[in-house]
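Thanks, everyone. Let me put the model on the screen, and then I will walk through a few places in it.

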Amino acid sequence: MDDDVWLVPHTHWDREWYEPFQRFRLRLVDLMDDVTARGLAEPGFRFTLDGQMAAVEDYLEVRPERRGTIRDLVAGGQLAIGPWRVLMDEFLCSGETMIRNLEMGWASASALGEPMPVGYLPDMFGHCAQMPQILRRAGLSRACVWRGVPERVAHHEFVWRSPDGSTIRTEYLPSGYGNAADLFLDSANGTDVESVRSRLVDRMARQRAWFGADAFLAMYGTDHAAPLPSLMQQVGRLGEHPDGPRVRVATLRDYLAEARTPEAALLVVEGELRSHARANILPGVLSVRWHLKDAMARTERTLARYAEPFASLWLEAWPQAYLDLAWGNVVDSSCHDSVTGCGVDETALQVAARIAEGEHAAQAVRDRVLAGLARHVPDGSLLVVNPVPGARADQLALTLPVPADWPAVALAAADGRLLPTQELGRPAAELAREQVPAARLATVMGRVHDRELFGLQVRRLEIDEAGRELVFHVADRPGPERFDAVREEGRVASAVAGRPADEPWTLVIVDEPRRRLVAAVECEGLGWSTWTPQRAEDQPGRGQAATTSGVGVEGTSLTSSLLRVDVRDGGSLRLTAADGTVLDGVGTLVDGGDCGDSYNYGPPAGDRVVDTPDHVEVRVLERGPLRAALEVRRDYRLPTRLEADGSRSATTEPVTVTTRVELRRGEPFARLALAWENRSSDHRLRLLVPLARATSTVDAEGQLAVVRRPLTAEGGTGGEFPLPTYPAERFVDAGGAGVLLGRTMEHEVVDTAGGQALALTLLRAIGYLSRNVHPHRDEPAGPQLPTPQAQCLGPATADLAVLPHAGGWEDAALVAAVEGYLHPVVAVRGTAAGSVPAAGASAAGRPTALRLEGRGVVLTSLRRRDGWLELRVVAECTRPTEAVVSLAGSGIAQARRCDLFGRPGGPLEVANAEVRVPLGPWEIATLQLRP
């Protein structure tokens, strides 16, 4: 007869949360010591280790002698491990980071046995739309979730479908991952069996509607807890009871190995799971500790779109260990209690340091590649590298040494093409001037380290004995003259010999003439080119108004052929697109109180909203023709804090918000860079982007898809007020207003006096991890611990761009726009002596560029694997498309598909030196090419 109850002993292990990592880890060691000992002593004991290998590796780092024990328990089916590295937050990291997370976890688990082939997602704060496709393309056929499931799900199983059509059979945990956590008693006394049985029968009865005739899944575990020592004895006594129920101790893998209901009979749920109906999804984590979100997005881009692709194409020795270090830091920081910012301050500091270490490693790899390529470029020329795998024009801000007599500067390509530049300014050549007594003059030479002074190279030292002046001439490069510090020190000593000790001398540091320039550089896809500064007679198109193809300034307005930006009286902006679309009031700031915590926004009892500045000042920064910019300074007085009664204080803090508004030639959007100092506590600051037309939905890009959402959120009995505040990773679009984002941002469509507007949360300042009493949540989400650093007092920034348009996000080509916005070209000066070829492979047979074309096709990864170039793309479009891939410099000898773990699939045809891959809407495809 079948078992009535499948009892799954487990723990949910937060690596860091209300205590930092190392404090939790020592408790993990104790738990795992107990679990492994019981596994060896009790053959019937089973344990599921939370679906994340970090807990196993964290343990083995302290107890390396237990590796064999873990391997034996996995082989015997007593311990279920994997498939993830960590349990991430699915909306605060990229889709590629989640794929690497799964890859790392699967490899780590495979080294110890067979991984649990279940996409176990027990405590994420909602689930992204593409998760079924990610799991299926990694070879998994089952998932298990809790939070975010919509109210219409009424059975413990459903079919979850991604936008591309991929489906996965999904187990729902209707009461969470601890529905049997309190089932057993501390005592193993035989008289307790009736109490245990009564509790179990009652629990089964209350959840019978979910399971029907299926066996009851009893998840016996909770946060940071091990099973009671008497578990197996109590289960044994239950088995002796004549009336049952029959209990089988199992792993989650065991339970899910059996399909109890035909899949065709299961409800199909489409897309992301972000319903508040049955459990808290804690959406406020999207906007607390903004700096963690900013650092995560920046580091992911540096790693996945610069360091790894550049090294794949142009670095001789593949830096696997360093890239692993970078990815490990990024993945470990993506935990659902880490990048979310819902831990104590010590945890947030550790997460910030970990992300920074990952960014530094990625920067090091990127810069090593650039330094290697620079050796192919003559000194005095520029190496420009494009991370986007498609041809583009992008702007570079440069500070270059330029002869003082040049009227203007152009950049010359290797084929002779000339590009004009826009001059922004000329830095002062005199870097320093001071008076030094003669007796101390010789010691000044101690400031010169080899030839370095002020971060530059000393070219020569001039000594004017009559004028009592020493002049150091410095430059970027040493120059042909030999500089001997010892000899020069002797010259200085000789010059002051016999002079009064207190005689004043003048010491001057003079730089070579420089100019700050902007250049619009034409670039091939994921390749590099060289540009050489040349004399030009004048800057074309210089003037107040825009030329036909340029940008300009008219009073306090920026103008181009694609977009006009006018500054309104209150400092907000009116954007008018060439197609007539108008967004009026862009950039309005709205500040209100927040009595919530790191998990949920909380409206205060006595709110006081500030949305009007006391003073506005506008000044012109740059006039075009390539780039025009204004600075808008707005002065506010914001309430200092919340008072004990929940109202905002009468005392205020002065805050100046500076917004750089920038328009570039050829771009249909305005770039906004905001900077201010947060001086207030317990508040929420939002930026408004009014819509051009009314809408009932909002579209947001993130985690390899563009998701359409309603303007209301589904509520229910989950205990949380259903706020329609949603995440967007790279862009959000509604009613003709497209907003390109520099980091994941929370957004909501709100009603204003002028109509609907997108409200983007720039900052949420809060002082508690969780509040026991919260206006938007019935129960605490964690312990009520103070988090003063989560008030984020100090400097704050936000970068975004606004694109007004007709039609929808596809009509406006927002995918291509955000690709260019987030991935600027990079440039370094060449270091080769003499004349060298302007372009070429960095090694024989290696590609010089990778080109990827296709409507809506986005590159998410490019790396080397086992002698292949492996690239991953996603079709971010609603209609079928085609990816076209080619390798310049080497061609493609062989091509094939593979899964997310690099396991080979079917071959791909190479024709006319390119590979064409048909893609369905939202399809993720991983390809391997042999140059």
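The mean pLDDT of the protein is 94. Of its residues, 97% reach 70 or more. Over residues 541–547, pLDDT stays under 50. The model still gives that stretch 14 contacts beyond four places in sequence. Residues 838–842 are also below 50 in pLDDT. There too, the model has 14 contacts beyond near neighbours in sequence. Where pLDDT is low, the predicted coordinates should not be read in detail.

Now to E96. Find helix α4, residues 95–110; E96 sits in it. Is E96 buried or exposed? It is buried, because its relative accessibility is 3%, and the cut-off for buried is under 20%. What does its side chain meet? A second polar contact, at 3.0 Å, goes to the side chain of T860. Set aside neighbours within four places in sequence, and E96 touches W327, T860, S861 and R872. One distance for orientation: E96 to L663 is 31 Å, C-alpha to C-alpha. In sequence those two are 567 residues apart.

Next, D566. Look for strand β24, residues 563–567; D566 is part of it. Its relative accessibility is 15%, so D566 counts as buried. Which side chains does the side chain of D566 reach in polar contacts? One is S557, at 2.5 Å. Another is R564, at 2.9 Å. R564 falls within the residue range of β24 as well. Beyond four places in sequence, D566 is in contact with T556, S557, S572, L573 and R574. S557 therefore turns up both as a contact and as a polar partner of D566, under the definition of a polar contact.

On to the helix pair. Helix α11 covers residues 320–333, and helix α12 covers 345–374. Their axes are 8 Å apart, and the packing angle is about 150 degrees. That angle is over 145, so α11 runs roughly antiparallel to α12. The crossing of α11 past α12 is left-handed. Who makes the contact? From α11, the residues are Y322, L323, L325, A326, N329, D332 and S333. From α12, they include V351, R354, I355, E357 and G358. Further along α12, A361, A362, A364 and V365 take part.

Last, the backbone. There are cis peptide bonds to point out. G82 to P83 is cis, with omega near 15 degrees. P83 is in the loop between β3 and α4. G624 and P625 are also joined by a cis peptide bond, with omega about 15 degrees. P625 is in the loop between β28 and β29.

Then positive phi. R289 is not a glycine, yet its phi is near 45 degrees. Look for R289 in the loop between β10 and α10. At 2% relative accessibility, R289 is buried. A913 is another non-glycine with a positive phi, about 65 degrees. Its loop runs between β48 and β49. A913 has 47% relative accessibility, so it counts as partly exposed.

That's my tour. Over to you.

Technical notes. Residues numbered from 1 in each chain as written. Predicted model: local features only at pLDDT ≥ 70, side-chain atom pairs only at ≥ 80, totals over all residues. Heavy atoms only, no water. pLDDT = per-residue confidence, 0-100. Contact = heavy atoms within 4.5 Å. Helix = DSSP H or I, 4+ residues; strand = E, 2+ residues; numbered from the N terminus. Buried < 20%, exposed > 50% of the residue type's maximum accessible area, 1.4 Å probe, protein only. Polar contact = N/O pair within 3.5 Å; in protein donor to acceptor, adjacent residues only side chain to side chain. Axes fitted to C-alpha atoms, helices over the stretch in contact; angles between N-to-C directions. Parallel < 35°, antiparallel > 145°, perpendicular 65-115°, else oblique. Left-handed = near helix turned anticlockwise from the far one by under 90°.
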